[in-house]
Amino acid sequence: QLQLVESGGGLVQPGGSLRLSCAASGFPLDYYAIGWFRQAPGKEREGVSCISSSDGSTYYADSVKGRFTISRDNAKNTVYLQIISLKPEDTAVYYCAAVPSSAPAAVIATMGRNVMDYWGKGTLVTVSS
């Protein structure tokens, strides 16, 4: 059973940066596409980024392009989400999720959160001055 644990969230001022981590255990991440999702208070969970297991392709939602960077280190069984130029509207609980798939990231992203098989419990990011 794959288990995912997010970390790296916290309180940051607007314009600041964070690096979120998604550490996996129980199974190698090599075969899993990984997505980052977020859920702001009172809003639905939305996908923000995805990385393929096979071709290294990535996907970003329009709202985060240019500010979020997803990467993976299979040797460490960890996926990262580097976030810069944080905005108050980035405030949310950030979740990572995994699905065993070799599809390109853009394909995974179009399938939405329901395609994901495994979820972490999330890490809270609060952007406020």
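**Cysteines and overall fold of a predicted model**

View 1. C50 counts as buried, at 3% relative accessibility (buried: under 20% relative accessible area, 1.4 Å probe, protein chains only). This is a predicted model: local features need pLDDT of at least 70, side-chain atom pairs count only at pLDDT 80 or more, and totals for chains, interfaces and linings use all residues. Residues are numbered from 1 along each chain as its sequence is written, and side-chain values use heavy atoms, with hydrogens and water left out.

**View 2. The C22–C96 disulfide.** The sulfur atoms of C22 and C96 lie 2.1 Å apart and form a disulfide (a pair of cysteine sulfur atoms within 2.5 Å). The count is 1 disulfide. C22 sits in strand β3 (residues 18-25) and C96 in strand β9 (residues 92-100), so the bond ties together parts 74 residues apart in sequence. The S-S torsion is about 70°, so this disulfide is right-handed. Both C22 and C96 are buried.

View 3. The protein has 1 helix and 11 strands (DSSP runs numbered from the N terminus: helices H or I, at least four residues; strands E, at least two). From the N terminus, the order is β-β-β-β-β-β-β-β-β-α-β-β.

**View 4. Packing and contacts.** Buried residues make up 44% of the 129 residues. Among contacts (heavy atoms within 4.5 Å) between residues at least 6 apart in sequence, 62% join residues at least 24 apart. The C-alpha trace spans about 40 × 25 × 25 Å along its principal axes.

Note on methods
Buried means under 20% relative accessible area, exposed over 50%, partly exposed in between (1.4 Å probe, protein chains only).
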